[in-house]
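This briefing is meant for a reader who is meeting the structure for the first time.

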Amino acid sequence: MFKPIDSRAARQLPTVAIHIDGRAVRVAAGQPLATALLAEDALPLRYTAVSGAPRAPLCLMGVCFECLVEVDGRRNVQSCMVEVREGMQVRRLNGAPRAGGMV
Amino acid sequence: MSAYTHDLVIIGAGPAGMSAAVTARQQGLSVVVLDEQPRPGGQVYRDVTKASPAVARLLGPAYRYGNALARRYADSGAEVRPGSLVWDIAQDLTVTAQQANLSFSVRAPQLLIASGAMEHPSPLPGWTLPGVMNAGAAQIAMKTSASIPDGRAVLVGGGPLLLLVACQLLRAGGRIAGIVDTMPAGNRGAALPHLPAALGAPAMLAKGLGMLGTLWRAGVPVFRRAEDVRMEEADGSRRVGAVSFSSEGRRQRLDADVVLLHHGVVPNTQITRLLRVAHQWSDSQGCWHPAVDAWGETSLPGCRVAGDGAAIAGALAAEASGAIAALGAAVAVGRLETGKAATLAGPWRARLSRQSRIRPFLDALYRPPAWLIDCADDTLVCRCEEVTAGQVREMARLGCQGPNQTKFFSRCGMGPCQGRMCGLTVTQILARSVGRDPADVGAYRIRAPLKPVTLGSVAALAEPDRITLPPAG
Ligand SMILES: Cc1cc2nc3c(=O)[nH]c(=O)nc-3n(C[C@H](O)[C@H](O)[C@H](O)COP(=O)(O)OP(=O)(O)OC[C@H]3O[C@@H](n4cnc5c(N)ncnc54)[C@H](O)[C@@H]3O)c2cc1C
Ligand code: FES
């Protein structure tokens with residue numbers, strides 16, 4: 001759903017390998033996970049607990065919580081607030097239970 | 001009550017926070033800056049220290065300006081803790097944050113909240129479909145990952161940031177299928193009386209006209225006075241495929257791969273609400289402001305707010321109000337005389353008043369349309385718990401007087417975003433339904449944690465000495 005502004009320049013940039021639902025992809029290093037997922041077209045990121053509606057990032061700045069995914073076994077991580085890392089294991093939340101993890 | 005760790009704690013490393021840190025250090029205060037982001041800059045200068053020259057060029061001089069400020073900030077001697085999410089603040093100003101999944105606390109006699117703004121929610125039918133985003137989000141993607149929407153983008157709403165994002169997308173080679181301008185007909189008339197004052201800020205007016213000219217020359221279709229805007233799903237695709245709306249009496253439909261919504265920016269009051277400081281309702285901007293004095297101090301002594309988190313005035317004003325709040329803090333901790341502080345604040349105040357001249361004009365011109373609040377009953381207001389405008393209205397009929405009651409009855413505002421996306425809408429729908437002022441209807445009560453944190457992270461607070469925090473910077 002997103003593409004590099006300059007694809008030639010993008011090919012020269014350092015990349016990291018991340019795994020989206022087990023599928024390995026190389027993405028530009030130093031970016032938020034959410035923009036990498038948008039560029040990989042890995043949408044929707046999740047389905048809501050209430051009606052099962054598909055969702056994807058809205059704000060990219062940490063306020064809407066629409067970009068929640070599982071990262072390295074941790075649920076409900078805001079993918080717009082973490083950077084991609086080599087070897088990161090990302091799982092989209094299919095029909096996940098209510099966002100928990102609150103104290 | 002824990003001991004003081006610093007003279008001043010600053011939350012946020014946008015223009016307000018960075019400028020406050022530089023100023024406070026100049027007065028000899030010990031300063032720590034906590035920011036959730038990995039790099040300084042805030043929303044406006046997001047990743048300015050990292051952006052490639054090509055991206056920085058494309059985003060323009062107003063963006064590149066942030067580099068010099070970020071450099072002064074890095075050299076200021078403030079303790080910088082990037083990647084630190086503040087999730088609780090006690091009334092004694094103990095600030096609890098989480099860095100690398102471990103929580104820690106800092107405390108100072110002076111606290112500056114410079115946590116900035118967010119985009120006004122745009123509750124429209126279909127706004128939860130994948131592919132529908134905020135316009136500011138598209139700008140964040142340009143700044144953080146040099147990427148733009150692939151395919152046809154349609155922008156919906158109004159405001160300077162919408163025009164700026166449209167121009168930046170065009171420069172980046174993006175395809176804009178149309179701008180669906182939701183500014184009501186009456187806004188121009190309402191803005192007119194403020195035009196003379198706005199003429200006192202000719203550079204800003206010229207910038208606005210320049211952006212309109214750019215869009216016109218690029219042949220971007222603009223649909224004025226749009227109403228009844230709906231996002232439609234592309235058949236079976238689980239994402240947006242089109243925007244339909246009426247404009248000047250005609251029903252229109254634009255195919256779209258990405259839809260970008262924008263109805264202005266509003267202070268993000270999550271932290272100030274947590275602290276229960278006094279807030280005022282702004283009718284012209286349709287949002288809450290924490291009430292602050294001339295030195296940025298709130299109703300809670302020692303607690304200050306600067307930048308767009310206090311009132312929307314833009315990046316240059318945020319830098320000024322951050323410096324003024326830092327001078328106020330320096331006086332309060334006894335490092336600066338009042339007279340000297342007034343002298344040092346002078347040039348910053350002059351800049352603030354220059355920057356504010358155009359605001360009443362912009363606020364009136366881009367005031368979000370009333371129909372955004374009087375939306376159809378089936379519009380989702382609370383995206384997390386999927387509560388509709390009709391349900392909120394029904395609860396008002398049944399006697400709910402405020403947002404905390406509707407929350408109790410419907411879970412509206414209780415999802416993971418904690419009401420950030422629905423709070424303003426619910427307050428205004430209730431106000432309309434019960435015939436009272438939004439200021440009387442009030443806002444959600446906000447409780448810690450501001451964002452979910454794990455028990456493991458909290459446990460780290462019990463053994464602070466055993467934690468080795470990742471190196472700052
Ligand atoms: C998406 C977006 C794009 C914008 N783009 C422009 C633009 O291009 N030009 C322009 O003139 N204006 C823009 N604005 C308006 C903008 O609000 C101001 O110009 C400027 O960013 C305000 O500066 P600030 O220092 O008050 O806040 P910000 O720059 O928003 O900085 C606030 C900082 O606080 C941090 N923070 C917030 N909450 C917490 C917490 N709980 N814990 C830790 N850290 C926290 C954030 O990570 C952020 O870095 C934009 C606004 C938004 C929302
Ligand atoms: S996209 Fe909004 S919180 Fe991540």
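A strand, as the word is used here, is a DSSP run of E with at least two residues, and strands are numbered from the N terminus. In that sense Asn76(A) has its place in strand β7 of chain A, which covers residues 74-78. The model is a predicted one, and the points below are grouped by topic.

**Chain A**

- Chain A is built with two helices and eight strands, and its elements, read from the N terminus, follow the order β-α-β-β-α-β-β-β-β-β.
- The radius of gyration of chain A is 14 Å, close to the 13 Å that the globule rule gives for 103 residues, so chain A is as compact as a globular protein of that length.
- Taken along the principal axes, the box that the C-alpha atoms of chain A fill is roughly 45 × 25 × 25 Å.
- Among the 103 residues of chain A, 50% count as buried, and the accessible surface of the chain comes to about 4400 Å², with 48% of that area belonging to carbon and sulfur atoms.
- Of the contacts in chain A with a separation of 6 or more, 45% are accounted for by residues 24 or more positions apart.

**Chain B**

- Chain B contains 17 helices and 23 strands, and its C-alpha trace spans about 65 × 50 × 40 Å along the principal axes.
- A compact globule of 473 residues would have a radius of gyration near 23 Å, and the 22 Å of chain B agrees with that value.
- Of the 473 residues in chain B, 59% count as buried, while the accessible surface of the chain comes to about 18300 Å², of which carbon and sulfur atoms hold 55%.
- Residues 24 or more positions apart account for 67% of the contacts in chain B that have a separation of 6 or more.

**Cavities**

- The structure holds four cavities of 30 Å³ or more, and about 220 Å³ of space lies in the largest cavity.
- The largest cavity is lined by 18 residues, and the closest to its centre are Thr269(B), Gln270(B), Gly419(B), Gly423(B) and Leu424(B).
- The elements that give two or more residues to this lining are β18 (265-267), α9 (270-274), β20 (287-290) and α15 (423-434) of chain B, and the largest share, three residues, comes from α15(B).
- Sorted by class, the lining of the largest cavity has nine nonpolar, seven polar and two charged residues.

**Backbone features**

- Most peptide bonds are trans, and most residues other than glycine have a negative phi.
- Leu43(A) and Pro44(A) are joined by a cis peptide bond with an omega of about -10 degrees, and Pro44(A) lies in the loop between α2 (33-39) and β4 (46-47) of chain A.
- A cis peptide bond also joins Ala448(B) and Pro449(B), with an omega of about -5 degrees, and Pro449(B) is found in the loop between α16 (438-441) and α17 (455-459) of chain B.
- Asn76(A), the residue in strand β7 of chain A, has a phi near 55 degrees, a positive value in a residue other than glycine, and with a relative accessible area of 22% Asn76(A) is partly exposed.
- Arg225(B) is not a glycine and yet has a positive phi of about 45 degrees; Arg225(B) is found in the loop between β13 (222-223) and β14 (226-233) of chain B and, at 36% relative accessibility, counts as partly exposed.

- Arg351(B) is found in helix α11 of chain B, which covers residues 338-356, and Arg351(B) is buried because its relative accessible area of 15% is under 20%.
- Not counting residues up to four places away in sequence, Arg351(B) touches Tyr65(B), Leu316(B), Glu319(B) and Ala320(B).
- Met414(B) lies in the loop between α14 (403-410) and α15 of chain B, and with a relative accessible area of 39% Met414(B) is partly exposed.
- Met414(B) touches Glu385(B) and Lys407(B), again not counting residues up to four places away in sequence, and the C-alpha atoms of Met414(B) and Gly314(B), which are 100 residues apart in sequence, are 31 Å apart in space.

Notes: Residues are numbered from 1 along each chain as its sequence is written. Chains are lettered from A and ligands numbered from 1 in the order in which they are written. This is a predicted model: local features need pLDDT of at least 70, side-chain atom pairs count only at pLDDT 80 or more; totals for chains, interfaces and linings use all residues. Side-chain values use heavy atoms; hydrogens and water are left out. On a 1 Å grid over the protein atoms alone, a cavity is a set of points where a 1.4 Å probe fits but cannot get out, and a pocket is an open set with protein on both sides within 12 Å along at least five of seven lines; lining residues have an atom within 4 Å of a point. Grid points are joined across faces, edges and corners, and a volume is the space filled by probe spheres set on the points. Helices (H or I, at least four residues) and strands (E, at least two) are DSSP runs, numbered from the N terminus. Ala, Val, Leu, Ile, Met, Phe, Trp, Tyr, Cys and Pro count as nonpolar, Asp, Glu, Lys and Arg as charged, and the others, Gly among them, as polar. The radius of gyration is taken over C-alpha atoms; the globule rule is 2.2 Å times the number of residues to the power 0.38. Buried means under 20% relative accessible area, exposed over 50%, partly exposed in between (1.4 Å probe, protein chains only). Contact means heavy atoms within 4.5 Å. Accessible areas come from the Shrake-Rupley method with a 1.4 Å probe; for residues, only the protein chains shown count as cover.
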